[in-house]
Amino acid sequence: MRKVIALSDAVERIPEGAVLMIGGFTGIGAPLRLIDELVRQRKSELTIITNDTGRPNVGIGKLVSERLVSRVIASHIGLNPDTQKQMIAGEIEVELVPQGTLAERIRAGGFGLGGILTLTGLGTLVEEGKATVDVDGQTFLLERPLRADFALVAAKRADYGGNLEYAFTARNFNPLMAMAATTVIAEADEIVPVGVISPDAVVTPNVVVDHLVAKERRHG
């Protein structure tokens with residue numbers, strides 16, 4: 001299957017109301033071109049699983065500002081008063097998950113685990129409505145795995161086969177999310193021939209990447 005496709009074609013595959021995992025940390029390492037195209041195509045009623053909602057009109061913040069998001073699962077809303085206003089007004093549902101727990105729930109979804117056991121959140125609002133499990137006399141909170149219809153990830157480099165290499169903090173959520181979605185759409189700063197990226201540098205292998213967004217041609 002040809003993995004490199006046009007940006008517009010990639011986003012056209014995402015239906016209204018889809019559940020999306022979107023990589024990045026306050027906008028750093030986020031798939032900015034894919035987010036911009038979601039806004040342009042006016043994909044709405046989206047559920048977004050992400051670390052945070054960034055800033056107004058920056059990264060994921062653009063989706064919030066354009067009121068295209070109905071639900072967010074995140075560790076915090078970030079420096080984004082738009083999310084706060086919509087949350088208080090009941091226009092957007094926000095589920096806050098401790099950051100480490102969020103990462104592990106995504107990992108569990110990607111690796112086929114039935115959930116994770118954690119001490120984080122016991123005795124707080126996080127525990128409400130959730131099961132607990134006793135292990136050798138210690139009580140743990142059972143947190144269930146997270147999966148999505150699509151993962152939108154950003155990489156430093158990709159080859160034409162779909163192997164992905166990340167840089168610095170972009171490795172925090174992007175690789176986990178690439179394992180935890182039915183369809184993975186990646187964008188990269190650079191696309192190189194197969195073999196240019198050292199096998200040791202490949203973090204997300206091509207077998208889990210469904211579509212790679214083509215680099216746009218610059219005119220002039």
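## Burial and overall form

A residue counts as buried when its relative accessible area is under 20%, as exposed when it is over 50%, and as partly exposed in between (1.4 Å probe, protein chains only). By this rule, 49% of the 220 residues of the chain are buried. The model is predicted: local features need pLDDT of at least 70 and side-chain atom pairs count only at pLDDT 80 or more, while totals for chains, interfaces and linings use all residues. Residues are numbered from 1 along each chain as its sequence is written, and side-chain values use heavy atoms, with hydrogens and water left out.

The chain has 6 helices and 12 strands; these are DSSP runs numbered from the N terminus, with helices (H or I) of at least four residues and strands (E) of at least two. The C-alpha trace spans about 60 × 40 × 30 Å along its principal axes. Of the contacts (heavy atoms within 4.5 Å) between residues at least 6 apart in sequence, 70% join residues at least 24 apart. The chain exposes about 10,700 Å², and carbon and sulfur atoms supply 52% of this area; accessible areas come from the Shrake-Rupley method with a 1.4 Å probe, and for residues only the protein chains shown count as cover.

## Two nonpolar cores

A nonpolar core is a set of buried Ala, Val, Leu, Ile, Met, Phe, Trp, Tyr and Cys residues joined through side-chain atoms within 4.5 Å. The largest one has 29 residues, and Ile 14, Leu 20, Ile 22, Ile 48, Leu 63, Leu 152 and Ile 185 have the most contacts inside it. At least two residues each come from helices H1 (7-12), H2 (32-40) and H3 (60-65) and from strands E2 (19-22), E3 (46-49), E4 (69-74) and E9 (148-159). H2 gives the largest share, 4 residues. A second, separate core holds 28 residues, among them Ile 106, Leu 146, Leu 164 and Ala 181.

Within the largest core, Ile 14 is one of the residues with the most contacts. Apart from neighbours within four places in sequence, Ile 14 touches Leu 20, Leu 38, Lys 43, Phe 150, Leu 152 and Ile 185.

## Helix H2

The buried residues of H2 are Arg 33, Leu 34, Ile 35, Glu 37, Leu 38 and Val 39. They pack against H1, E2, H3 and E9, and also against strand E11 (181-192) and strand E12 (211-213). Just after H2, Arg 42 has a positive phi of about 55°.

## Salt bridges

A salt bridge is counted when a side-chain nitrogen of Lys or Arg lies within 4 Å of a carboxyl oxygen of Asp or Glu; the count is 12. In one of them, Glu 66 pairs with Arg 42, with the closest N and O atoms 2.8 Å apart. Glu 66 is in the loop between H3 and E4 and Arg 42 in the loop between H2 and E3, so this pair ties together parts 24 residues apart in sequence. Glu 66 is partly exposed at 32% relative accessibility, as is Arg 42 at 39%.

Arg 71, Glu 93, Glu 95, Arg 105, Lys 130 and Glu 143 are linked in a network of salt bridges. Glu 93 and Arg 71 have their closest N and O atoms 3.3 Å apart. For Lys 130 and Glu 143 the separation of the closest N and O atoms is 3.0 Å. Lys 130 is partly exposed at 29%, whereas Glu 143 is buried at 2%.

## Two residues towards the end of the numbering

His 211 lies in strand E12 and is buried, with a relative accessible area of 10%. Leaving aside neighbours within four places in sequence, His 211 is in contact with Lys 3, Ile 5, Arg 13, Thr 183, Val 184, Ile 185 and Ala 186.

Asn 206 is in the loop between E11 and E12 and is partly exposed at 25%. Asn 206 and Asn 163 are 43 residues apart in sequence, yet their C-alpha atoms are 4.3 Å apart. With neighbours within four places again left aside, the contacts of Asn 206 are Lys 3, Gly 161, Gly 162 and Asn 163.
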